[in-house]
Amino acid sequence: MDFETATYEPHSACSLALVMVKDSQIVGEYYSLIKPETDFFWKNIQIHGIHEKDVADAPKFPTVWREIEKYYQANRLIVAHNAGFDTKVLAGCLAYYDIPQPHYLSLCTVRTSRKLYPNFVNHRLNTVCEQLQIPLDHHHDALEDSRACAKILLTQEKRFGIEPLKKLVLPQ
């Protein structure tokens, strides 16, 4: 899962991507622009390149949620790079629209990378991708970042197995 936001407000999602993994393979993708009910901060536009005009006709979060809520089940694992940010945005959007918070499992590939690759200079998405030779052509594009996150997890699973990863899973 990867969100991009219009502002620093947690309910300001302006894009969301999910990459679905099953049996250690990428099996699907979801991407949507989202029309936030906030203004855009110039700094955020500089990061991801999404402008207000780009989301003018995009659905608001409740419409997007109806398309993706099936992935947020009690026994489902949602993975994000810097998951604290993405789970905060999800929770912020749900709270803003008074949508019940789902209960799911969460795993952060920043945390797994810190644990499994302690010698990396840092654990930012672009750095981890570079070190693991995972392509990342458009950093801060939600779908690119979500694909990269999935590939990081699959690389870690292949090299270290699932046991060290399981220890870092958190309930949400």
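The following legends describe close-up views of a predicted model.

**View 1. Strand 4 and strand 5 are paired in parallel.** Strand 4 covers residues 77-80 and strand 5 covers residues 105-108. The two strands are joined by 4 bridges. Within this pairing, Ala 80 has Cys 108 of strand 5 as its bridge partner.

**View 2. A right-handed β-α-β unit contains helix 3.** The unit is made of strand 4, helix 3 (residues 83-96) and strand 5. After helix 3 comes Asp 98, which has a positive phi, near 55°.

**View 3. Buried residues of helix 3 pack against several elements.** The buried positions in helix 3 are Ala 83, Asp 86, Thr 87, Val 89, Leu 90, Gly 92, Cys 93 and Leu 94. Their packing partners are strand 1 (2-5), strand 2 (13-22), helix 2 (61-68), strand 4 and strand 5.

**View 4. Glu 29 and Arg 147 form a salt bridge.** The closest N and O atoms of this pair are 2.6 Å apart. The pair links distant parts of the chain, with Glu 29 in strand 3 (residues 25-33) and Arg 147 in helix 6 (residues 142-160), 118 residues apart. Glu 29 counts as partly exposed because its relative accessibility is 41%. Arg 147, at 26% relative accessibility, is also classed as partly exposed, since that class lies between the 20% and 50% limits. Through salt bridges with shared partners, Glu 29, Glu 144 and Arg 147 belong to one network.

**View 5. Lys 53 and Asp 54 meet through their side chains in a salt bridge.** The N to O distance is 3.9 Å, which falls within the 4 Å cut-off for a salt bridge. Lys 53 is exposed, its relative accessible area being 65%, whereas Asp 54 is partly exposed at 33%.

**View 6. A salt bridge joins Glu 163 and Lys 166 in helix 7.** The side chains meet at 3.5 Å, N to O. Because the two residues are 3 residues apart in helix 7 (residues 163-166), about one helical turn separates them. Glu 163 has a relative accessible area of 48% and is therefore partly exposed. The structure holds 5 salt bridges, including those of Glu 29 with Arg 147, Lys 53 with Asp 54 and Lys 166 with Glu 163.

Notes: Residues numbered from 1 in each chain as written. Predicted model: local features only at pLDDT ≥ 70, side-chain atom pairs only at ≥ 80, totals over all residues. Heavy atoms only, no water. Pairing = 2+ DSSP bridges. Right-handed = clockwise from strand over helix to strand, strands pointing away. Buried < 20%, exposed > 50% of the residue type's maximum accessible area, 1.4 Å probe, protein only. Contact = heavy atoms within 4.5 Å.
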